[in-house]
Amino acid sequence: MSARYDRQVNMPGFGIKAQKKLQNSSVLILGVGGLGCAVATYLSMAGVGRMTLCDGDVVGLSNLNRQFLYTGDDIGKSKVDCAVRAVEKMAPRVKVGGINAYLTSDNADVVVPGTQAGSYSMVLDCLDSFDARKIAIQTCFAHNIPLLHGACEEYQGQVLYMDPGLKDYVCLGCYLEKKQASTPMIHPVWVLGATAGIVGSMMASMAVGALTGTRMLKNNRIYCYDGMCQEIGKLSAHRSAGCPVCGNLGSDAEQ
Amino acid sequence: MKIVLEICGMLREKFPFDMHAFDLPEHSTVNDLIRRIDGHVGSQLPGSVWNREKKFFRGPITLSIDGVVITDYSIELKENQHIKCNRFLIGG
């Protein structure tokens, strides 16, 4: 095992076995904005074997307060192309690929499951719209792929793990009152770069735990980071048949 | 009956209070509480936080009791319940 990973391999409870599991795992990162940059950085540097980045956006000047995989020279260029190059440079052992497109209902069944030879161990939701998240949740559920959601605004963040294979599955939509699921987001979203970094790092830490089996993540626990007082709270919800996202998926929703 | 509303996270800066005890009639629901918030501070809140036409928050929020999110706003509240209000985040 390469000395590159010594500092984590030697952590109590981690070891070479966990590192090999990480090396054999494959992740899809949806969105390479503030969260996606942090997630891609920490997962690639930790030694994830394969990584696919998916985003249809180009780099803009206002991205550069938090999206540290890009520089001023990248403005106007595809985020995915730039991020793939940056990750390859940072972590040459990782096989990294890019999908230069937004996730939509038209491409979700191709993007999310991956190819048969390379289906994903986990999908990371670093998206920035509820509509795209709804597609990600429904597609991951249909293909039985764990989905780790993150979001951030201003000084605040939230992280939720949704594994269709575990009991107590509750999706992001179950946390919202029904009418609010169609509430448009407020544009533009203001965010401190460090907030995106913290929340993305929380996601990467949780993903490493789940991919290596060193930490068992639980469904139905949304972690709420409040950077104004540096506190992390937890919320849970009840899965509801009326959920606009997962209400018609599976059969264990409360009626 | 007394219902305590606590404003959390980034909404805290936009509200004139962090925590407020509302006195509501017995059998009041979450919807009644929201109407009371509108009457109490709706006109003082910035348009980015409160939709004065809909008399509701602008952008999604969660209301929770004892760490569990309420998704049915027609449920009746109970004396001395402590409700936390948090912005539901969308940005990435």
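# A two-chain predicted model, in questions

User: How many residues of chain A are in contact with chain B, and how many of chain B with chain A?
Analyst: Two residues are in contact if their C-beta atoms, placed from the backbone, lie within 7 Å. The model is predicted: local features need pLDDT of at least 70, side-chain atom pairs count only at pLDDT 80 or more, and totals for chains, interfaces and linings use all residues. Residues are numbered from 1 along each chain as its sequence is written, while chains are lettered from A and ligands numbered from 1 in the order in which they are written. The contact involves 21 residues of chain B and 37 residues of chain A.

User: Which element gives the largest share of the side of chain A that touches chain B?
Analyst: Helices (H or I, at least four residues) and strands (E, at least two) are DSSP runs, numbered from the N terminus. Elements giving two or more residues to this side are α3 (34-46), β5 (147-153), β6 (156-162), β7 (222-226) and β8 of chain A. The largest share is four residues, and it comes from β5(A).

User: How many nonpolar residues does that side of chain A have?
Analyst: Ala, Val, Leu, Ile, Met, Phe, Trp, Tyr, Cys and Pro count as nonpolar; Asp, Glu, Lys and Arg as charged; the others, Gly among them, as polar. The side of chain A that touches chain B has seven charged and twelve polar residues. Its nonpolar residues number 18.

User: In what order do the eight strands of the open sheet in chain A stand?
Analyst: Two strands pair if DSSP finds at least two bridges between them. The pairing in this sheet is mixed. Its edge strands, β3 (95-99) and β8 (231-235) of chain A, each pair on one side only. The order is β3-β2-β1-β4-β5-β6-β7-β8.

User: Do β2(A) and β3(A) run parallel or antiparallel?
Analyst: Strands of a sheet pair through backbone hydrogen bonds, either parallel or antiparallel. Five bridges join β2 (residues 50-54) to β3(A), with L53(A) opposite G98(A). The two strands run parallel.

User: What angle does the direction of helix α4 make with that of β3(A)?
Analyst: Helix α4 (residues 79-90) of chain A packs on the sheet and touches β2 and β3. Axes are lines fitted to C-alpha atoms, for helices over the stretch in contact, and angles run from 0 to 180 degrees between N-to-C directions. The angle is about 175°.

User: How many residues of strand β1 of chain A are buried?
Analyst: A residue is buried if 20 or more other C-beta atoms lie within 10 Å of its own, exposed if 12 or fewer, and partly exposed in between; C-beta atoms are placed from the backbone. Strand β1 (residues 26-30) pairs with β2(A) in the parallel sense over five bridges. S26(A) has R50(A) as its bridge partner there.

User: Is G114(A) buried or exposed?
Analyst: G114(A) lies in the loop between α5 (108-111) and β4 (122-125) of chain A. Beyond residues up to four places away in sequence, G114(A) touches L28(A), S119(A) and Y120(A). Because 20 other C-beta atoms lie within 10 Å, G114(A) is buried.

User: What is the radius of gyration of chain B?
Analyst: Chain B has one helix and seven strands. The radius is taken over C-alpha atoms, and the globule rule is 2.2 Å times the number of residues to the power 0.38. For 92 residues the rule gives 12 Å, and chain B comes close to this, so it is as compact as a globular protein of that length. Its radius of gyration is 12 Å.
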